[in-house]
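Hi,

Here is the structure I promised to pass on.

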Amino acid sequence: MSTKIKDKILNTITYFASGISVFVLGAVLVFLFSKGFSTLNWDLIVNNYWSQNLLGTVDSVGGDYTISEEVDGIYSARWGIALKDNVNSQKEKVIEVTYIHPESPLKTMLSSSAGDNNKEITLEDGYTIQKIDIVTSDGIPTFTGKIMSQDAATVISNIDSAQKITSIYYKTTGGGIRSSLITTLYLIVISLVIALPIGVCSAIYLHEYASKSKLNKLIRQGIETLTGVPSIVYGLMGVTVLFPVTQLFGATTTSILLGGLTMSIILLPTIMKSTEEALIVVPQSLRDGSLSLGATKSQTIFKVVLPCAVNGILTGVLLSIGRVIGESAALIYTMGTFINDSPKLLSQGTTLSLMIWSFMSGEQPNFELASAISIIILVIVLVLNFIVKAIAKKFTKNFA
Amino acid sequence: METSFIVKDLDLFYGDKQALKKINMELYKNKVTAFIGPSGCGKSTFLRCLNRMNDLIEGCKIVGTIEKDGVNIYSSKTDIVDLRTKVGMVFQKPNPFPMSIFDNVAYGPRCQGLKDKKHLEEIVTKALKQAALYEEVKDRLNESALGLSGGQQQRLCIARCIAMEPEVILMDEPTSALDPIATAKIEELIEELKNDYTIIIVTHSMQQASRISDYTAFFLLGEVVEFDNTKLVFSTPKDKRTEDYITGRFG
C-alpha cells in the first residue's frame, strides 16, 4: 500500500473519531437541555426540598382589594388572592397562589398548628392551597380546596360566595434543590481542605525528598492502584473506619463530615498523582539554579518548584472537584440519601448527584427534574473550571 | 599569589566509574581560570565539585580534599548553604526562575532572610549594573524574566549570582547556548568581573579560553594533563596531548 493511501486512512480514522466524540457530547447536552430546561427555574435552585404544612387562623369577612394590573390565575378581589391550577416538580396537581395582596387578610395570619401556636405565618406566591375552612352564606361551616379535588376556579367561587373564612391550610413551596447545592459545595470544600495539603505535601516528599528505594517504588505503585479502586469500596471503608473518627466530633449518624472525609481519601491519589506529574516537568535546571544561590532544599521547593507546578496541581484540583460532584456510590453509605433542608456538618445530606440517584431510583423516575439538576451540575462544573483557570492564570503570569 | 581553592588528590566516582582521577590544582584569587578539554573529560564534573553541586547526583562519591580558606569543603562540618553563597554558579543554559526580573535577582538575598525592600532594591540595581544588564531592563523590572532574550537571560543569571556577593563564580559553558554577539557581551562582562571575583569557567571554545582566561587547565579522560598560565599553555604546551588538542588534531 502506498504511503499516501496509508496516510489518508489514518487521517480519516482520526477525523471520524473526533467527529463521533463531538457528536456524542453534543447529544448528551441536547438531551439534558431538552428534557430538563423546562423544569429549570430560579425557584428550583433557591427552594427547600420539603414543603411545610401550615395552618393559619383567618376569621375574616374579607374586604375590597381590587387591583388594576393583570395577574396570572383567577383573582378574588374580596380576598386579594389569585389562584392557579399547576403541576409541581413531583408531577402532582396543585392549586398555586400566584398573587397575594399585601393587605389581604390571608397574607399574615396566626398559626394554629400544634407546636407553634400563635406564631405569625405568611402566605407567599408559589405556595399551594390545601384546604380553606369557610362558613357559607347559610351559616354552615364547610371547606374547599385541593383535598376536595377542586380546581382553582371552584375554590375562588366558593370563597367569594362564603360568609367568612375561618382558617386556611397551605403548603410552602418545596421540591427545590437548595440544600443539595449547599451540601455539594460543603463536600467540595471539606474534601479539598483535607486532601489538597496532604496530597501535595506527600507528592513533594515522594518526588523531591525520598530516595529511590524499593519502599518508595512500592508506595508509588500502591497509590496508582488506589486511583483505580471503585469508590463504593471507599464508601464501605469510610463507614467502618472513619465513622468512629466523626464520632469524636459528636456525630451520631452518617454525616456530611463523614462523606467529606471519605471523599478526601478518594481524592488523595488523584491529587498526589497530578502533583507528582507536575513536579516531574519542572526542569532540574531551576532546582540547580536555586540551590547554587545558597537556597536550602525546602526554599527551593516552596519558592521555585512549587510555583512552577501550580498549574498541574490545579488540574488535579479540577479533576477532584469533578469527582466530588459526580460521586454517588461512596456517599450513599457515608452521608445517607435523606434530603436534608438544613444541612450541617454533622447531619445527613445529599449532593446533587445523590439527589438524581434518589429521583431516578423511585417508583416513578423523574427524568425532567433529574435532567434539570444535571444542567445545574454542568453549570457548577463550568463555573468552578473558570475560577480554577483564573487562579492558575494569576499564579503563572510570569511563566510566559 | 593568593589561592582560592587548593585541590588535593581528588577522585570522583559515579557508581563504579571513575570520572576524576587524582586531581591536584591550585586556583588563584581574582583570576580567570579556564577548563578546556573534549566532552566527557570531567571538566564540568570538577567544576561542580567546587560548590558541591555533585552532592545532588545519586551514587556520586568523592575522595580527597578541596580546601577553601584552609578548610576542607568536603568535611562534615561544612555548611553547604554557606559554601554556595560564597561560590556562585552560572549554568550552561540560562535558567532564570519564572518570576519577575527583580524577584530573580532578589531571590538569593531573600533566601538569606533579607526582607528590607530598600536594601533589596539597592542590591538588585547594583547586581544588574555589574552584569551590564541594568540599562536594558530598568523599565521592566517587574516583568517576567522569561521574556528576555537568551543573552539577557544569561546575564540575568550572572546578576543573580553577583547579588549574593560571592567570592568565586563558577561558569559552566555560559556562552554555549548563545549567539556570537551575546557571547561577546558575556566575555566582556567576565573581563570586568575578574577585578572583584575569582572566575572559573568551563568552555568548549579554545579561542574563548585564550581570550579571557589567565590560567588554563586541560582535562583529558578525568585527568588534568596540563595546568599553567594561559599564554604558556597555548604557545608552548608541555604535553604532547595538549598540543594535539589545541592545534585541533583531535577532540
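Residues 181–388 of chain A form a span that is 79% helix and 0% strand, and its end C-alpha atoms lie 19 Å apart. An unreviewed UniProt entry annotates these residues as "domain: ABC transmembrane type-1"; such annotations may be inferred rather than shown by experiment, and their positions are given in the numbering used here. Helices here are DSSP runs of H or I with at least four residues, strands are runs of E with at least two, and both are numbered from the N terminus.

Please keep in mind that this is a predicted model, where local features need pLDDT of at least 70, side-chain atom pairs count only at pLDDT 80 or more, and totals for chains, interfaces and linings use all residues. Residues are numbered from 1 along each chain as its sequence is written, while chains are lettered from A and ligands numbered from 1 in the order in which they are written.

Chain A divides into domain 1 (51–171) and domain 2 (178–395), with bounds from an automatic or database domain assignment. Taken over C-alpha atoms, the centres of the two domains are 48 Å apart.

Now to helix H3 (residues 152–161) of chain A, where A:Ala152, A:Val155, A:Ile156, A:Asn158 and A:Ile159 are buried (20 or more other C-beta atoms within 10 Å of the residue's own, with C-beta atoms placed from the backbone). These buried residues line one face of H3(A), because they fall within an arc of 165 degrees seen down the helix axis (the arc of the directions from that axis to the C-beta atoms). They pack against several strands of chain A, including S3 (81–87) and S9 (164–171).

Helix H12 (residues 367–395) of chain A reaches 42 Å from its first C-alpha to its last, close to the 42 Å expected for its 29 residues at 1.5 Å a residue (1.5 Å times one less than the number of residues). Among its buried residues are A:Leu369 and A:Ile377, and the cover over the buried set includes H1 (3–36) and H11 (352–361) of chain A.

A:Tyr333 sits in helix H10 (residues 329–335) of chain A. This tyrosine is buried, with 21 other C-beta atoms within 10 Å.

Finally, the interface: 18 residues of chain A are in contact with 25 residues of chain B (C-beta atoms, placed from the backbone, within 7 Å). On the chain A side, H8(A) gives the largest share, six residues.

Best wishes

Terms used
Two residues are in contact if their C-beta atoms, placed from the backbone, lie within 7 Å. A residue is buried if 20 or more other C-beta atoms lie within 10 Å of its own, exposed if 12 or fewer, and partly exposed in between; C-beta atoms are placed from the backbone.
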